[in-house]
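Dear colleague,

I am passing on a structure that is new to you, and below it I have set out what was found in it. Please read the notes with the model open beside them.

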Amino acid sequence: MSFKCDPERFLELTDLPGVVPAPYLARAHWVQVTDAKALPDKQARELVAHSHALIMAKLTKRERDAIAHRPARKAAR
């Protein structure tokens, strides 16, 4: 799994075993979790939610509205 993080958290997260700079996206502060046990579930959910917020904030209002009005997809099992 990969996600975007704040520049301040990037070094902190990549110092953890099982978390590395994401290939091709590290310069944009993306990290890749290579070991599912590297982060507790709660922290992983919080980091992914924050990543989503960071990415949504960069979109135009039109793009955000288009995403908000898109029908929800069913989760993969």
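Which residue in β3 is the bridge partner of Ser2? The partner of Ser2 is Gln32. This is a predicted model, in which local features need pLDDT of at least 70 and side-chain atom pairs count only at pLDDT 80 or more, while totals for chains, interfaces and linings use all residues. Residues are numbered from 1 along each chain as its sequence is written, and side-chain values use heavy atoms, with hydrogens and water left out.

The strands form an open sheet of three in the order β1-β3-β2, with antiparallel pairing (two strands pair if DSSP finds at least two bridges between them; strands are DSSP runs of E with at least two residues, helices runs of H or I with at least four, numbered from the N terminus). At the edges are β1 (2-4) and β2 (19-21), each of which pairs on one side only, and the twist from one strand to the next averages 30° (axes are lines fitted to C-alpha atoms, for helices over the stretch in contact, and angles run from 0 to 180 degrees between N-to-C directions).

Three bridges join β1 to β3 (residues 30-33), and Phe3 stands opposite Val31 in β3. Three bridges also join β2 to β3, where Val20 stands opposite Gln32.

Helix α1 (residues 7-14) lies across β1, β2 and β3, running at about 125° to β2. Helix α2 (residues 41-58) packs on the sheet and touches β1 and β3 (contact means heavy atoms within 4.5 Å), its direction making about 55° with that of β1.

With kind regards
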